[in-house]
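Please open the model in a viewer and keep the selection panel at hand. The stops below proceed from a single residue to the whole chain.

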Amino acid sequence: MEPLEPLDRVAPAELDAAAGIANRISANVARAVQARDEVLNCLLVALAAEGHVLIEDYPGVGKTALARSLARSIDGQFARVQCTADLLPADIVGASVYNQREQRFEFRPGPIFANIVLVDEVNRASPKTQSGLLECMQERHVTVDIHTHELARPFLVLATENPIEYEGTYPLPEAQVDRFMVRISLGYPDAVAEAAMLAGHETGDRVLELEPVASPTDVLRLQDTAARVRASEALRDYVVALLGQTRADSRVELGASPRAGLMLLRAAKARALLEGRDHALPDDVQALAQPVLAHRLLLAPETVGAPAEDVRRHVIADAIGATPAL
C-alpha cells in the first residue's frame, strides 16, 4: 500500500482564525435560539466537517429557528422544504422547464441549491422523494435530464423528524440515515432559559435581528482547515476498533458502517480544530461517538421492548469502554 500523502500543517494563525469563526457563529446563534452548548458544538462540527444534521425532537423547540439562525450568521442562502406525502423529487432538486420565447428547455433550480437547507419532517416525504436527497447530500450535485448541476458551497442539510407522530410517515431507510453525520436533539429549555426566550421574542422574531458574523468564504476556509487537521495511524486504528465493537455487540443486528468511521474521523478532526488543536485525539472520537454513531445502529430483534435510544446509548458507551485508546 502506498504511503498517505502528508497533509499541509495547520498554521497557528489558521487555528486562531477557525476558533474565532466558530465562536462568533455559536454566540450569534445563541442570541436567537435557546440550545445547549453540546447541541451548538455538534452543529458547528458538522458545518466544519461538511456533514449533515438530523434533528429529532418535538414540535416547537426551535428546530427551524436553529437552521435560520445559522444561515443568517454565515450570510448564507436559506431554503425550507416542508415535506408532505405528495412532495416530488423535482420539488426539491428542480426541473427543466420549456422556455417558449427561446424555444429551449432551461433548468429551474429547486431549494436544494441554497447553502442551508431545512428539510422539515423528512419522514413525511415518500421514499421516492427521500431518495432524491441521497445524491445531493453525498455527491454535492444534482443530475437532471443527464445534466449535472453543482450545489452551492458551503452546503448543509438540516432534516427534522417528529419522534411522537408516526401516522402518515415513511421511516428513513438505513442508507438515508447513514448520510447524516450527526443526530441531535434540542430538548426543552430550563425554566430560566424559557422565560428569557419569552421575553426576547415578545417584540418580534429574534432571528430577523441577527447580523452576519461570518461569510460563506469564511466557512469554506474553516472546512479546508478542518480537513488538514492531522489524525494519526493509531487514531484511525482506534476508530476502526470502535466500529468493530458495535458490530460484535449481541444487541446490534447491523453495526456502524465504514462510512460511519469516515464521518466519525472527520467530525473528530473538526472538533479538534474548534478546540484549537492541529491534531485529533481519542477524546475527540469519544466525545462525538454518541451523536455520530448511535443513529446508525440497527438493533437486534431481541431488544424489542427496551427503549431503543437507551440501548443504542449503552452500546456506544460499552464500545468505548471496551476499546483501549492507543
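This is a predicted model: local features need pLDDT of at least 70, side-chain atom pairs count only at pLDDT 80 or more; totals for chains, interfaces and linings use all residues.

Leaving aside its neighbours within four places in sequence, with which residues is H52 in contact? Taking contact as heavy atoms within 4.5 Å, the partners of H52 are M137, R140, F155, L156, V157, R179, F180, M181 and V182.

Residues are numbered from 1 along each chain as its sequence is written, and side-chain values use heavy atoms, with hydrogens and water left out.

**First stop: H52**

H52 occupies the loop between helix 2 (37-48) and strand 1 (53-56); helices (H or I, at least four residues) and strands (E, at least two) are DSSP runs, numbered from the N terminus. H52 counts as buried because its relative accessibility is 1%; buried means under 20% relative accessible area, exposed over 50%, and partly exposed in between (1.4 Å probe, protein chains only).

**Second stop: A32**

Select A32, which lies in helix 1 (residues 12-32). With a relative accessibility of 8%, A32 is likewise classed as buried. Then select D205 and display both C-alpha atoms: A32 and D205 are 173 residues apart along the chain, yet these atoms are separated by 8.3 Å.

Is I164 buried or exposed? I164 is exposed, since its relative accessible area is 52%. Its place is in the loop between strand 8 (156-161) and helix 6 (174-177).

**Final stop: the whole protein**

Clear the selection and view the entire chain. The protein contains 12 helices and 11 strands. Its radius of gyration is 20 Å, close to the 20 Å that the globule rule gives for 326 residues, so the protein is as compact as a globular protein of that length. That radius is taken over C-alpha atoms, and the rule is 2.2 Å times the number of residues to the power 0.38. Along the principal axes, the C-alpha atoms fill a box of roughly 65 × 55 × 50 Å. Of the 326 residues, 48% are buried. Among contacts between residues at least 6 apart in sequence, 78% join residues at least 24 apart.
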